[in-house]
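Subject: Structure handover

Hello,

Here is the structure for you to look over. My notes on what was found follow below it.

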Amino acid sequence: MPGFMLMEFVYSASPSMLMWNKEMVYYSYKNNTINGFVMVAGLNQKLSEVSQGSTIHQLVIDYFGNTVIKMKNNVMIFFKVEMKNAVELPQWEKKSKNIVLYLNPSGNLDMLFINGSSIHRKVYPLKTEMFTYIHGFQDICPYLVFQHNMDLNVYYLDMGDEVTFWAQIVYIENLGLSTIVEIYRPELLMQTTDVNYEIARGICTKNQVCYIKIVPVYIELQPKTYLAKMWRCYILDSYGEILTPLILMGVLQLTLYYTCIVYRYDGSAFVKTVEANFILWEIHGRSDYSYNSSMKQVGCLREAQTWISMLEEHENSTLDEIWGPQNYRSCFQSELGPLGDLNQLYQIMNHSGYNSLIWPTEYSGIYVFRVKIVDPNFRGEFENLPHLFLIESHLYFSPNIGEVAGFSILILSIFGGILIVSYFRYVKIYRALIYVDPLPSHDQQDQTRKTAHELKKDQ
């Protein structure tokens, strides 16, 4: 194949690729067990011969392996990955049109018409064009119905996760059709397949269910670095750009508790919340923080691992080596022997938020933590990545209950004293006033008349 070559690998269970220049397309399927040049079906001609000597302008592959070759004179040629022959599609536009094919994020094929400085888009109905091409054929599809549940292009699996795929094919009896499941690097997955048949009135229905579960994978990636501010949490990695698949987030509660949650990302796209257990430590040796739950409070059935116990067992190792998936032991599995001291602080965290960090409230501080997943059932591509996150705690004033109670009693005592003093002062003033009864009694009236009569006698 002389000239400048382009190449594209195809996402498939068995490695496949397409390579082309201006005149021909070379294919290599199923790990190079099938290879050759794409020819036009029925004519056994090269692509340039079918297009009246034109050359290849574009080759576009969608998510399902549908491949469209656009020649410079706008002739469209179609084939599917792992097919050896291609077909010429009905003419769509004139040769003089300046057209570019574009595969949009939804997987649909668009045609961009370029006219000077303006561009407008039209949807290219690939499926309709294919049906138009095969409408006059005498070939009959060997099956009546074919259905499956593989709706997504990508499925994310972690240790312990399982995904189920099913496929159903309905065909006329004795044709012997079946579905085949191929897996790229099958040693990475545990696969269980269940197949059952049903035949009724000459129609055969074959159902196949495939259960896939991931097995441990150990892949070490070069870590990257990024800095991002999230609430009062600064996520730090120490090498370059936002490409690590693990991000640690925090939820600040009343400034006193800090609940850490780990999320998994694929680039900038959220994948899932990591449910595995993880540990963390302050890389500069600060120890003025604590945890809010004890082993007994979280429900441990025996004494859990702590930094002190791990340091005693591994005196000559670094903090990154003494505790990890290789020696993690869950405290929720009972064993024979003493339970240990369950009143110690529980130093393992997860997404539940039952265990949180506690900060000192007397002063502000900056803490840089290293986080590490210790659950052995969650080991994968991000296990060995160093993840640092920085937390800035702020001083706030916490009311002292004794001081508040004493101050309240003092205020109430002063107020009560003022009321008592006011009462006695009022009584004293009242008693000092001369009181004259406006309606005197009968005795007082007789005494008054008697006094008046005596005064008259004296006169």
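To start with a charge and a ring: the charged end of Lys 122 sits over the ring of Phe 113, at 5.2 Å from the ring centre. Please keep in mind that this is a predicted model.

Aromatic pairs

A pair of aromatic rings is described by how far apart the centres are and by the angle of the planes. The count of aromatic pairs comes to 10. One of them is Tyr 26 with Phe 37, an edge-to-face pair with 5.5 Å from centre to centre and 70° between the planes. This pair links distant parts of the chain, since Tyr 26 belongs to strand β3 (residues 25–29) and Phe 37 to strand β4 (residues 34–37), 11 residues apart. Phe 37 has a relative accessible area of 38% and is therefore partly exposed.

Tyr 289 and Tyr 291 also pair: their ring centres are 6.4 Å apart and their planes stand at 65°, so this pair is edge-to-face. Tyr 289 has a relative accessible area of 16%, under the 20% limit, so it counts as buried. Tyr 291 is buried too, at 6% relative accessibility.

The volume of the second largest pocket is about 270 Å³. It is lined by 13 residues, and those closest to its centre are Trp 281, Arg 286, Ser 287, Tyr 289 and Trp 307. Elements that contribute two or more residues to this lining are β22 (278–282), β23 (290–291) and α4. Of these, β22 gives the most, with 3 residues.

Cysteines

A disulfide is a covalent bond between the sulfur atoms of two cysteines. How many disulfides does a search of the whole structure find? The search finds 1. It joins Cys 300 to Cys 331, with an S to S distance of 2.2 Å. The torsion about the S-S bond is about -55°, so this disulfide is left-handed. Cys 300 lies in the loop between α3 (295–298) and α4 (307–313), while Cys 331 lies in the loop between α5 (319–322) and β24 (357–358), so the bond ties together parts that are 31 residues apart in sequence. Cys 300 is buried, with a relative accessible area of 7%, and Cys 331 is buried at 2%.

Cys 204 is buried, with a relative accessible area of 5%, and Cys 210 is buried with 3%.

Backbone in the loop between β3 and β4

Most residues other than glycine have a negative phi. Asn 31 has a positive value, with phi near 60°, and is placed in the loop between β3 and β4. Asn 32, in the loop between β3 and β4 as well, also has a positive phi, near 65°. Are these two residues buried or exposed? Asn 31 is exposed, with a relative accessible area of 56%, whereas Asn 32 counts as partly exposed at 47% relative accessibility.

Annotated span

The unreviewed UniProt entry lists residues 404–424 under "transmembrane region".

Regards

Methods: Residues numbered from 1 in each chain as written. Predicted model: local features only at pLDDT ≥ 70, side-chain atom pairs only at ≥ 80, totals over all residues. Heavy atoms only, no water. Phe/Tyr/Trp six-rings, centres within 6.5 Å; stacked < 30°, edge-to-face > 60°. Helix = DSSP H or I, 4+ residues; strand = E, 2+ residues; numbered from the N terminus. Buried < 20%, exposed > 50% of the residue type's maximum accessible area, 1.4 Å probe, protein only. Lys NZ or Arg CZ within 6 Å of the ring centre and 35° of its normal. Disulfide = S-S within 2.5 Å. UniProt positions renumbered as here; feature names shortened; annotations may be inferred. 1 Å grid on protein atoms, 1.4 Å probe; cavity = no way out; pocket = protein on both sides within 12 Å on 5 of 7 lines; lining within 4 Å. Points joined across faces, edges and corners; volume = space filled by probe spheres on them.
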